[in-house]
Amino acid sequence: MKIEHFQSLKNHSRELLIVPLPKNSKLQSQKLKELVSVLGFNVSAELKRRSLEWKAGQMFGLDTPTHKQLKTVLLYCWDELKDDYKLLNQYRALGAQAFRRAVSLKAKVVSLDYTLLDLTTNKNALALLEGFELSNYSFSKYTKEKAANTITLRLIGRRKGISTTIAKQARVAATATKLARDLVNLPPKDCPPRHLVAVARQVARKSRLKLEVLNKRTLKKLGANGLLAVSQGSTEPPFLIKLSYRPSKRPKKTIALVGKGVTFDSGGLSIKPADGMMTMKIDMAGAAAVLATMQAVAELKLSVAVKAYIPTTENMISGDAQKPGDIIRAMNGKTIEVLNTDAEGRLILADALCLAEKDKPDAIIDLATLTGAVVVALGTDYAGLYATSEKLRDQLLNAGNQAGERLWPLPLAEEYDPLIKGSFSDIRNIGAGRNAGSITAALFLKHFVNKTDWAHLDIAGTAWTDKDADYLTRGGVGFGVRTLINYLANIR
Ligand code: BES
Ligand code: ZN
Ligand code: ZN
């Protein structure tokens with residue numbers, strides 16, 4: 001993306017000009033008057049003639065075929081919102097609309113009048129640019145490759161525009177989000193565990209991260225029996241990918257990120273029905289988000305140390321597959337009765353959480369498409385958030401709100417601990433009965449974190465979208481990437 005700054009509306013692009021239109025009638029008529037004078041085009045008259053009514057987020061397209069200099073003016077009904085989350089989403093939607101309209105009009109430059117906006121507030125500017133950049137995405141690897149769109153955003157206003165630092169953060173965050181989307185969208189055949197290893201290797205090389213790949217032999221030595229058990233039924237070998245970032249100055253904090261990397265979840269012998277299996281290539285969305293975040297962290301040179309742990313495997317069926325009733329011993333010595341092979345995410349995360357804690361980070365955050373239950377509870381717009389520390393919970397909630405990624409706190413309810421108590425083992429991998437399925441999964445994970453502050457995001461509902469609007473495109477969302485970047489960037 002190229003950004004240009006101009007002071008006067010006279011410098012608008014010839015193809016497309018977007019003007020936020022305030023709700024307040026006095027401001028509105030001022031704005032329209034200004035437009036009439038600079039464009040010499042009677043906007044107010046046309047509004048009246050078509051009796052257009054102001055409605056938040058709505059756009060009025062004013063075709064100006066008679067106008068010598070300008071093809072299209074779009075008025076964007078801009079709402080003075082108090083709620084921060086909604087306001088930022090409005091900035092993001094505006095950015096997305098600017099991009100999408102430019103594409104559909106085949107404009108190379110889109111002008112945006114920002115006199116009414118507050119782009120000196122960094123998070124507003126960031127949201128606007130993120131919306132613009134994130135809309136510039138399609139997964140076209142398996143269709144006729146489309147040429148990438150390069151569109152210039154021309155910002156027009158007298159006040160200070162957008163700093164290069166913010167522009168860079170937006171670009172890095174959007175690029176990372178798109179990397180995560182690409183990985184989630186890849187068909188499972190082209191995204192086995194070794195593919196995640198290859199991508200981690202590329203990211204490590206490009207962004208100068210330290211990479212360590214634990215293979216089956218090392219995993220056996222370490223006693224990563226959860227990951228090994230899940231991988232048993234697959235012909236693809238499992239891996240645990242470790243990536244680490246260290247800032248140049250001694251960091252005050254070290255944060256561990258863990259991402260579920262099941263590249264395809266058939267359910268194993270507790271096989272999924274066909275409908276449920278259809279989208280199970282997304283079961284590595286946590287891994288994708290963590291991997292992409294590492295790339296962004298390095299590019300933004302954040303001041304915090306970050307370590308990523310990505311257990312990755314397929315969950316398949318064969319004569320070698322693990323069986324319901326099997327009992328395995330996890331890395332921390334606890335025994336687990338595997339009563340349902342489809343509750344495999346928690347088995348591989350158990351090992352990764354143990355490994356993460358051994359390295360003594362200040363906090364551990366895991367992202368996982370862990371349960372169908374969280375989709376029932378929160379739908380597709382909210383991810384479930386569990387945390388052992390209120391501070392960590394609030395930091396993540398804020399980071400999510402700023403990113404336009406909604407998180408909702410759910411309880412690590414001790415009352416339900418008995419539901420995952422094993423009869424022949426310490427714990428079992430499914431709750432007794434279907435109640436509180438997302439909570440019992442989180443309680444299971446808690447057995448593998450001792451004393452470190454820990455948060456778990458159940459992103460089963462939010463990792464994928466069927467929407468094709470604003471800054472989202474049908475397919476992988478890249479959910480969590482920008483929340484994690486915001487969280488890590490704000491750590492002091
Ligand atoms: N990968 C699934 C969870 C999932 C469901 C992700 C829908 C994305 C969309 C997970 O491994 C799983 O199968 N969980 C089971 C657990 C059950 C057997 C206790 C589930 O939610 O049904
Ligand atoms: Zn499963
Ligand atoms: Zn799964």
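1. Leucine 392 touches Ala363, Ile364, Ile365, Asp453, Trp454, Ala455 and Tyr487, leaving out residues up to four places away in sequence; contact means heavy atoms within 4.5 Å. The residue lies in helix H13 (residues 390-403). Helices (H or I, at least four residues) and strands (E, at least two) are DSSP runs, numbered from the N terminus. With a relative accessibility of 3%, leucine 392 counts as buried, where buried means under 20% relative accessible area, exposed over 50% and partly exposed in between (1.4 Å probe, protein chains only). Leucine 392 and tryptophan 454 are 62 residues apart in sequence, yet their C-alpha atoms are 7.8 Å apart in space.

2. On the basis of the values: this is a predicted model, in which local features need pLDDT of at least 70 and side-chain atom pairs count only at pLDDT 80 or more, while totals for chains, interfaces and linings use all residues. Residues are numbered from 1 along each chain as its sequence is written, chains are lettered from A and ligands numbered from 1 in the order in which they are written, and side-chain values use heavy atoms, with hydrogens and water left out.

3. Valine 338 sits in strand E13 (residues 335-338) and is buried, with a relative accessible area of 0%. Its contacts, not counting residues up to four places away in sequence, are Gln322, Lys323, Pro324, Gly325, Asp326, Ile328, Leu347 and Asn429. Between valine 338 and proline 324 there are 5.5 Å in space, C-alpha to C-alpha, and the two are 14 residues apart in sequence.

4. Asparagine 315 belongs to strand E11 (residues 305-315). Is asparagine 315 buried or exposed? It is buried, at a relative accessible area of 2%. Neighbours within four places in sequence aside, asparagine 315 is in contact with residues including Val230, Val262, Phe264, Asp265, Thr341, Asp342 and Glu344.

5. Helix H10 (residues 285-299) packs against helix H5 (residues 164-185) at an angle of about 155°, with the axes 8 Å apart. Axes are lines fitted to C-alpha atoms, for helices over the stretch in contact, and angles run from 0 to 180 degrees between N-to-C directions. H5 and H10 are therefore roughly antiparallel; angles over 145 degrees count as such, those under 35 as roughly parallel, 65 to 115 as roughly perpendicular and the rest as oblique. Among the residues making the contact are Val172, Leu179 and Leu183 of H5 and Ala288, Leu291 and Ala292 of H10. The contact residues divide into 12 nonpolar, 2 polar and 2 charged (Ala, Val, Leu, Ile, Met, Phe, Trp, Tyr, Cys and Pro count as nonpolar, Asp, Glu, Lys and Arg as charged, and the others, Gly among them, as polar).

6. H10 also packs with helix H6 (residues 193-207), here at about 10° and with the axes 9 Å apart. That makes H6 roughly parallel to H10. The H6 side of the contact consists of Leu196, Val199, Ala200, Val203, Lys206 and Ser207, and the H10 side of Ala287, Leu291, Gln295, Ala298 and Glu299. These residues divide into 7 nonpolar, 2 polar and 2 charged.

7. H10 itself is mostly covered, with 14 of its 15 residues buried. After H10 comes lysine 301, whose phi is positive, near 50°.

8. Helix H4 (residues 122-135) is mostly covered as well, with 12 of its 14 residues buried. Among them are Asn124, Glu130, Phe132 and Glu133.
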